[in-house]
Amino acid sequence: MSRLRQITEAVRDAGSLGVAELASLTGASEMTIRRDLEVLAAQGVLERYRGGARSLLLRGSEPPYALRSEEAVEAKRRIAHVVAGLLADGESVVLDSGTTCVEVARVLHARRLTVLPLSLHAINALVGAPSVTLLVPGGTPRAGELALTGPLALQSVQSLRFDTAVIGCCGLSAEQGLTAFDLDDAAVKRAAIASARRVIAVADASKLTRTALAFVAPVSALDAVVTDADGDDGLAAAGVTVVTA
């Protein structure tokens, strides 16, 4: 876990924490912590006060996209390359929102595929791709995340049938299934899963120890999980192919 994420979660869980407490928690100097707090305040994660900071996030809420996009970047890129290797040229793919799926979009730029991305970040990554047939869904973009949700997004997904759905998640376990923080986002994920012949979930190691608010699907709905974590015996026992990047 990155230091910024560690600070974000500690302040969110406690409500507020002092610089000295955060320095002790992270092992960083107080000067470094002050710089980190300025970065997080600029991202809208917390509010500074003299000697510390208070959280602007609700407990159980998802950290902002800008923060998550800087975490585990190399792991997400490895996951993206593995996912690309599982796709055959000519396939139709519905590509979920989230930071890992944006990395997948970047890797697919030179592939011959039909792709429906479910976030403006992923759409922008694929604009101008010479051999990608880019389908753009309707929907309302969530602030920061730019995931497309709502009735128009659901209608776009439900009206098509895909060879493969690449699904991001906020939490994943054999017991709790695939979960998301946002209810509208969870509804779009469910529609994407229902519209695809094959479902590949992407999850860096941090997602396999977390359960978010909104249930999306049981792991039995997944054909494969691509992750940077060691093999998950629970997922494998549930019949899911686990591919380690």
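β14 and β15 pair in the parallel sense over four bridges; two strands count as paired if DSSP finds at least two bridges between them. Residues are numbered from 1 along each chain as its sequence is written. Because the model is predicted, local features need pLDDT of at least 70 and side-chain atom pairs count only at pLDDT 80 or more, while totals for chains, interfaces and linings use all residues; side-chain values use heavy atoms, with hydrogens and water left out.

On its other pairing, β14 (residues 224-227) is joined to β12 (residues 196-203), again in the parallel sense and over four bridges. Within this pair, Ala224 is the bridge partner of Ile200, and Val226 is the bridge partner of Val202. Both faces of β14 are covered: Ala224 and Val226 are buried on one side, and Val225 and Thr227 are buried on the other. Buried denotes under 20% relative accessible area, exposed over 50%, and partly exposed the range in between, with a 1.4 Å probe and protein chains only. In a regular strand the side chains alternate between the two faces of the sheet.

These strands belong to an open sheet of seven strands with parallel pairing, in the order β6-β5-β4-β9-β12-β14-β15. The edges are formed by β6 (133-134) and β15 (241-244); each has a single partner strand, so one side of each is left without a neighbour in the sheet. Helix α5 (residues 73-86) packs on this sheet and touches β9 (162-168), β12, β14 and β15, and its direction makes about 165° with that of β12. Contact is defined as heavy atoms within 4.5 Å. Axes are lines fitted to C-alpha atoms, for helices over the stretch in contact, and angles run from 0 to 180 degrees between N-to-C directions.

A further open sheet has three strands in the order β10-β11-β13, with antiparallel pairing. β10 (171-173) and β13 (214-217) stand at its edges with a single partner strand each, so one side of each lacks a neighbour in the sheet. The twist averages 30° from one strand to the next. β11 (residues 177-180) and β13 pair in the antiparallel sense over three bridges, and Ala214 in β13 is the bridge partner of Ala180. Helix α9 (residues 183-194) lies across β11 and β13 and runs at about 5° to β13.

Helix α1 (residues 3-14) has twelve residues and should span 16 Å at 1.5 Å a residue, which agrees with the 16 Å between its end C-alpha atoms; the expected span is 1.5 Å times one less than the number of residues. Its buried residues include Leu4, Ile7 and Val11, and also Arg5 and Glu9. The buried residues of α1 pack against β1 (16-18), α2 (19-26), α3 (30-42), β3 (52-55) and α4 (65-68). Just after α1, Gly15 takes a positive phi of about 95°.

Overall, the protein chain has ten helices and 15 strands. Of its 245 residues, 52% count as buried.

Definitions and conventions:
Helix = DSSP H or I, 4+ residues; strand = E, 2+ residues; numbered from the N terminus.
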